[in-house]
Amino acid sequence: MYTFKKEERLCNKKLIDKLFHNGSSFLCYPFKASWLLVNEPAQFPVQILFSVSKRRYKHAVDRNLIKRRIREAYRLNKQKYLYDVLNSSNKKIVLSVGFIGKEIAEYDFAEKKMLKLLTQLCAEIEK
């Protein structure tokens, strides 16, 4: 339930291109989320990609720290806020979460904003 396996990560180049060309996006500061409904069979209802700008954060240590924090916030809250909604409506999505904040986020802040992002994403999907 609280795992984050390889199958949940978005690695397919074709799907990533399709996501950024055809997908919908919204802003939930400090995150920018892009998502796309897919019909391909998958083991998990969501495949996700996390990104942090190399232009804004020059040091890989900083980018990795931010990604680690947002991955952890997602991992702990995905089941309750996202998977249950998608499983009940029998939908599958690919999702990209980009960090666009100006300073390195503390974990508490990142988790609070991740919850807001997940609830906003569910509202977008339900439309």
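## A look around the predicted model

Asn90 sits in the loop that links helix 2 to strand 4. Keep in mind as you look that this is a predicted model. The backbone at Asn90 has a phi near 60°, a positive value in a residue that isn't glycine. Most residues other than glycine have a negative phi. Is Asn90 buried or exposed? Its relative accessible area is 69%, and anything over 50% counts as exposed, so Asn90 is exposed.

The peptide bond running from Tyr29 to Pro30 is cis, and its omega is near 10°. Most peptide bonds, by contrast, are trans.

Now for the strands on either side of that loop. Strand 1 (residues 24–28) and strand 2 (residues 31–38) run antiparallel and are joined by five bridges. Together they make a hairpin, with two residues between the strands. To get your bearings, find Phe26, which stands opposite Ala33 of strand 2.

Strand 2 also brings us to the aromatic rings. The model has five aromatic pairs. One of them is Phe31 with Phe99, an edge-to-face pair with centres 5.9 Å apart and 70° between the planes. What does this pair tie together? Phe31 belongs to strand 2 and Phe99 to strand 4 (residues 92–99), so the contact links parts that are 68 residues apart in sequence. Both Phe31 and Phe99 are buried. Elsewhere, Phe4, Phe50 and Tyr74 are linked into a cluster by ring pairs.

On to the helices. Helix 2 covers residues 60–89 and helix 3 covers residues 107–126; they pack with their axes 9 Å apart, at an angle of about 20°. Angles under 35 degrees count as roughly parallel, and that is why helix 2 and helix 3 are described as roughly parallel to each other. Their crossing is right-handed. What sort of residues make up the contact of helix 2 with helix 3? They divide into 16 nonpolar, three polar and five charged.

Here are the two geometries that come with both a distance and an angle, ready to check on screen:

| Pair | Distance | Angle |
|---|---|---|
| Helix 2 and helix 3 | axes 9 Å apart | about 20° |
| Phe31 and Phe99 | 5.9 Å centre to centre | 70° between the planes |

Conventions: Residues are numbered from 1 along each chain as its sequence is written. This is a predicted model: local features need pLDDT of at least 70, side-chain atom pairs count only at pLDDT 80 or more; totals for chains, interfaces and linings use all residues. Side-chain values use heavy atoms; hydrogens and water are left out. Axes are lines fitted to C-alpha atoms, for helices over the stretch in contact, and angles run from 0 to 180 degrees between N-to-C directions. Helices (H or I, at least four residues) and strands (E, at least two) are DSSP runs, numbered from the N terminus. Angles under 35 degrees count as roughly parallel, over 145 as roughly antiparallel, 65 to 115 as roughly perpendicular and the rest as oblique. A crossing is left-handed if the near helix is turned anticlockwise from the far one by less than a right angle, and right-handed if clockwise. Ala, Val, Leu, Ile, Met, Phe, Trp, Tyr, Cys and Pro count as nonpolar, Asp, Glu, Lys and Arg as charged, and the others, Gly among them, as polar. Two strands pair if DSSP finds at least two bridges between them. Rings of Phe, Tyr and Trp (its six-membered ring) pair if their centres lie within 6.5 Å; planes under 30 degrees apart count as stacked, over 60 as edge-to-face and the rest as tilted. Buried means under 20% relative accessible area, exposed over 50%, partly exposed in between (1.4 Å probe, protein chains only).
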